Amino acid sequence: MPQFSVIITCHNQADFIDDAVLSALCQPSSYREVIVVDDASSDESPRIIQKYGDAIQLIKLKSNVGANRARNFGAALAKGDYFVFLDGDDLLLPWALEMYRQILGRQPAAAALLSTLRWFDGAPPKPKPEEFPKEIRFVTYDTLIKKDRSNRPSASAMVIERESFHRIQGWTEDLFPMDDFDILIKLGACGTAVQILSPPATAYRVHVSNSIHNVTPFIRELHHVIKKIKAGEYPSSKSHWLPTYAFMGGPVLFWTKKACRNGLYFDGLQLLASGWTLSLAAALSRFIRLLTGRQRIETIPLRPAPEFPATDWHVAADRA
């Protein structure tokens, strides 16, 4: 049975961190550990986290180092076979780890699992027992970079096998945002990957502080990713050059349009000029898929864990 290390990072997220930790503690305890990295919060986050005592492993950083370095700190102490990353404002849905466990029972050598997000605004979702999903739909790829279905990358919706994580030297610490795209490309040639189409494993909280609301940093870091691809800095840039280029073709068009909608016309045109070859590769890849078809979708039952806890996360935390 694979063991999971849930690594939660937090910086000044007192309004949200309680829900994030509780969502991890409600996962079956027989195959998970919960590590919380407080990235030098100056609000009430440390006090909230400390109340969980021995139910979690707490790392308190003395200075703010940023999300990626904080994640790497947590991974360095993690003992699990697989690392499950969770931002301090997101939540794991109650069936997340059991779903991952059942998929890995069929694909034990997977280097990464990619899940989908359930977006929410306001109160956290609390699924009732009768709402537990009955099946898992997923696709298996020989290499992650060759996946042929769209996916909204998020650190909170990916699971990485520990040896693969260390092989790629973890999260790129000087690149944020676009760090989720960056680590997926780094993992691109590491081996088998599974993309979960349904159900979602993570609840993504929508709020005013979401980084996606600020266009400029995304464009800046996307330029860095494009340069790394063209310079062959990713292992897959040479061994799988077309799918690597195509992987970022969609984001180039997305952020070009978003820049223009926000009045950043020069920035948008600069990005398009830098990344047009990637978008062309994406279009070519889509055409090839029309001719050859996409990888087959597999469906398996999702069975509740024998120790599936209460969906009331506060009750689950009391039992942890």
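This is a predicted model: local features need pLDDT of at least 70, side-chain atom pairs count only at pLDDT 80 or more; totals for chains, interfaces and linings use all residues.
Which residues of β1 are buried on one side and which on the other? I started my notebook with that one. F4, V6, I8 and C10 are on one side, S5, I7 and T9 are on the other, and all of them are buried.

**Entry 1: β1 and what lies around it**

For β1, both faces are covered. I then checked the strand as a whole: seven of its seven residues are buried, so β1 is largely enclosed by the rest of the structure.

Next I looked for its partner. β1 pairs with β2 in the parallel sense, over seven bridges. I picked out S5, and its bridge partner in β2 is E33.

Then I looked for a helix over this part. Helix α1 (residues 17-25) lies across β1 (4-10), β2 (32-38) and β4 (82-87). Against β1, α1 runs at about 180°.

**Entry 2: the sheets**

I traced the sheet that holds β1. Nine strands form an open sheet, and I wrote the order down as β3-β2-β1-β4-β9-β6-β10-β8-β12, with mixed pairing. At the edges I found β3 (57-60) and β12 (298-301), each pairing on one side only. From one strand to the next, the twist averages 25°.

I also checked one pairing further along. Strand β6 (residues 112-114) and strand β10 (residues 193-198) run parallel and are joined by three bridges. A112 has A193 in β10 as its bridge partner.

There is another open sheet, with three strands in the order β5-β11-β7 and mixed pairing. β5 (91-92) and β7 (117-120) stand at its edges with a single partner strand each, so one side of each has no neighbour in the sheet. I looked at β7 with strand β11 (residues 202-205): they pair in the parallel sense over four bridges. W119 is opposite Y204 in β11.

**Entry 3: nonpolar cores**

How many residues does the largest nonpolar core have? I got 50, and the residues with the most contacts inside it are M178 and M248. Helix α7 (residues 215-230) gives the most to this core, with seven residues.

M178 is in contact with F218, E221, L222, V225, M248 and W255.

**Entry 4: P177**

I went to P177, in the loop between α5 (162-167) and α6 (179-186). Is P177 buried or exposed? It comes out at 6% relative accessible area, so P177 counts as buried, the cut-off being under 20%.

I wanted to know what P177 touches beyond its neighbours within four places in sequence. The list is P217, F218, R220 and E221. P177 and R220 are 43 residues apart along the chain, yet their C-alpha atoms are separated by 8.9 Å.

Two packed helices are described by the angle between their axes and the distance between the axes. I noted both for two pairs.

The crossing of α10 past α11 is left-handed. On the α10 side, the contact is made by G249, G250, V252, L253, W255, T256, A259 and C260. On the α11 side, I listed Y265, G268, L271, L272, G275, L278, S279 and A282.

The second pair is α7 with α11, packed at about 25° with axes 10 Å apart. These two are therefore roughly parallel to each other. α7 also passes α11 in a left-handed crossing. I219, L222, H223, I226, I229 and K230 of α7 meet D267, Q270, L271, S274, G275, T277 and L278 of α11.

**Entry 5: α4**

How many of its eleven residues are buried? Eight are, and α4 is mostly covered. I wrote the buried ones down as A96, L97, E98, M99, Y100, Q102, I103 and L104.

Key. Residues are numbered from 1 along each chain as its sequence is written. Side-chain values use heavy atoms; hydrogens and water are left out. A nonpolar core is a set of buried Ala, Val, Leu, Ile, Met, Phe, Trp, Tyr and Cys residues joined through side-chain atoms within 4.5 Å. Buried means under 20% relative accessible area, exposed over 50%, partly exposed in between (1.4 Å probe, protein chains only). Contact means heavy atoms within 4.5 Å. Two strands pair if DSSP finds at least two bridges between them. Axes are lines fitted to C-alpha atoms, for helices over the stretch in contact, and angles run from 0 to 180 degrees between N-to-C directions. A crossing is left-handed if the near helix is turned anticlockwise from the far one by less than a right angle, and right-handed if clockwise. Angles under 35 degrees count as roughly parallel, over 145 as roughly antiparallel, 65 to 115 as roughly perpendicular and the rest as oblique.
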